[in-house]
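Try each task before you read its solution.

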Amino acid sequence: MHRHLIALSLSFILPQLAVAQTARDRELAARFAPTFHQGLGDHPRADYITNFDFDGDWRGDNNWAHADDPRFALRAYVYYAVSETATHYFIHYALFHPRDYKGGGLRGPLLSEAIREGVRRGGKYDPTGLSAEAVLAHENDMEGCLVVVEKGGAGGRPARVTMVETLSHDRFLKYVTEHEPRTGFGRVALQDGRPQLYVEPKGHGVNALAPDDKQPRAGETLTYQFAGQAGNPEQAKDGRTGYDLLPLIRTLWPRARKGVGLTYGAPQTFQLAPAAATGRKLNVTAGSAFLGKVGAPNMARPPWGWFDREERGAAPGEWFFDPAKTIKRHFTLGDDFGTRYLHAPFLGIKRK
């Protein structure tokens with residue numbers, strides 16, 4: 001009888017806990033959501049930040065074409081994931097664009113096809129795709145950032161952003177804020193506690209916002225600010241629009257676990273050895289490149305497929321699945337920087 005009552009209680013409590021965990025993750029992601037200053041090229045609809053299924057389906061191989069179809073509004077969404085240690089929160093943000101059109105909307109794909117054909121005829125093949133990402137246009141695009149938040153301390157000091165890493169064409173760019181006075185790294189500005197980031201037009205690499213001539217002036221930029229609802233950039237006023245958040249673990253991740261199909265065109269097996277950061281081994285196969293046929297095929301990757309082409313020693317997927325370990329290494333942090341997770345949903349670790 002007692003076991004039956006306990007089972008009934010758990011069947012009620014566990015879903016409530018899951019809802020609370022999801023709400024807490026969104027609350028954190030919303031509080032520190034960056035402002036993205038999106039550069040606009042000669043084809044703005046391909047530069048608008050949106051959701052993968054903006055066209056009402058989860059197919060990856062029709063997004064290039066549908067980006068030009070006015071029936072589909074490119075409403076503003078940003079994907080996120082949250083993990084937590086005793087000392088910090090780690091918040092990933094991922095920006096999806098229907099196209100990477102480096103080289104232009106027409107010339108870029110043609111150039112990509114020509115390079116692919118040349119590689120094929122020459123008998124050379126780069127299975128990592130490291131050499132192609134920086135130069136080839138391709139269907140779908142996803143780049144983003146990792147925001148590191150130091151938890152509040154004694155005396156009521158609030159939580160604050162201390163470090164940010166961005167992805168720019170298979171390179172992780174490392175920045176510190178005013179709250180982390182470390183030398184040897186770039187600086188990223190905060191406004192109301194939120195990182196100010198710039199997204200390149202066409203190729204969509206993400207960098208810290210810098211007020212210099214290397215980035216477009218205000219008239220060539222659309223500013224995305226978290227608003228809790230997805231704005232339509234084609235109806236933006238004063239060069240600004242609001243965006244909403246979508247959890248990776250409930251959108252792109254379940255489809256990745258199904259492997260190759262309508263959404264993903266290439267799988268990958270992730271194996272992270274047990275460490276103090278996780279306490280368990282990750283061994284999972286998931287889709288790691290979106291299905292895409294225009295230009296270079298299957299080139300765009302979700303965050304678990306992101307990597308730094310110059311960091312050869314890191315395990316595939318480590319930057320996403322084990323951000324605490326990665327950040328500690330990248331910024332040469334001490335033992336007071338917590339790496340054992342209290343909450344890491346992609347590793348199956350949930351807050352108590």
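The model is predicted, so local features need pLDDT of at least 70, side-chain atom pairs count only at pLDDT 80 or more, and totals for chains, interfaces and linings use all residues. Residues are numbered from 1 along each chain as its sequence is written, and side-chain values use heavy atoms, without hydrogens and water.

**Exercise 1.** Find which residues line the largest cavity, and sort the lining by class.

Solution. 
- Step 1: A cavity is a set of points on a 1 Å grid over the protein atoms alone where a 1.4 Å probe fits but cannot get out; lining residues have an atom within 4 Å of a point.
- Step 2: The structure holds two cavities of 30 Å³ or more. A volume is the space filled by probe spheres set on the points, which are joined across faces, edges and corners. The largest cavity has about 90 Å³.
- Step 3: Its lining is Ala 81, Val 82, Ser 83, His 92, Phe 320, Phe 321, Pro 323, Tyr 341, Ala 344, Pro 345, Phe 346 and Leu 347.
- Step 4: Count by class: 10 nonpolar (Ala, Val, Leu, Ile, Met, Phe, Trp, Tyr, Cys, Pro), no charged (Asp, Glu, Lys, Arg) and two polar (the others, Gly among them).

**Exercise 2.** State where His 169 and Asp 170 lie, and whether each is buried or exposed.

Solution. 
- Step 1: His 169 is in the loop between strand S5 (160-167) and strand S6 (172-176). Asp 170 lies in the loop between S5 and S6. Strands are DSSP runs (E, at least two residues), numbered from the N terminus.
- Step 2: His 169 is not a glycine, yet has a positive phi of about 55°. Asp 170 has a positive phi near 65°.
- Step 3: Buried means under 20% relative accessible area, with a 1.4 Å probe and protein chains only. His 169 is buried at 14%, and Asp 170 is buried at 3%.

Methods
On a 1 Å grid over the protein atoms alone, a cavity is a set of points where a 1.4 Å probe fits but cannot get out, and a pocket is an open set with protein on both sides within 12 Å along at least five of seven lines; lining residues have an atom within 4 Å of a point. Helices (H or I, at least four residues) and strands (E, at least two) are DSSP runs, numbered from the N terminus. Buried means under 20% relative accessible area, exposed over 50%, partly exposed in between (1.4 Å probe, protein chains only).
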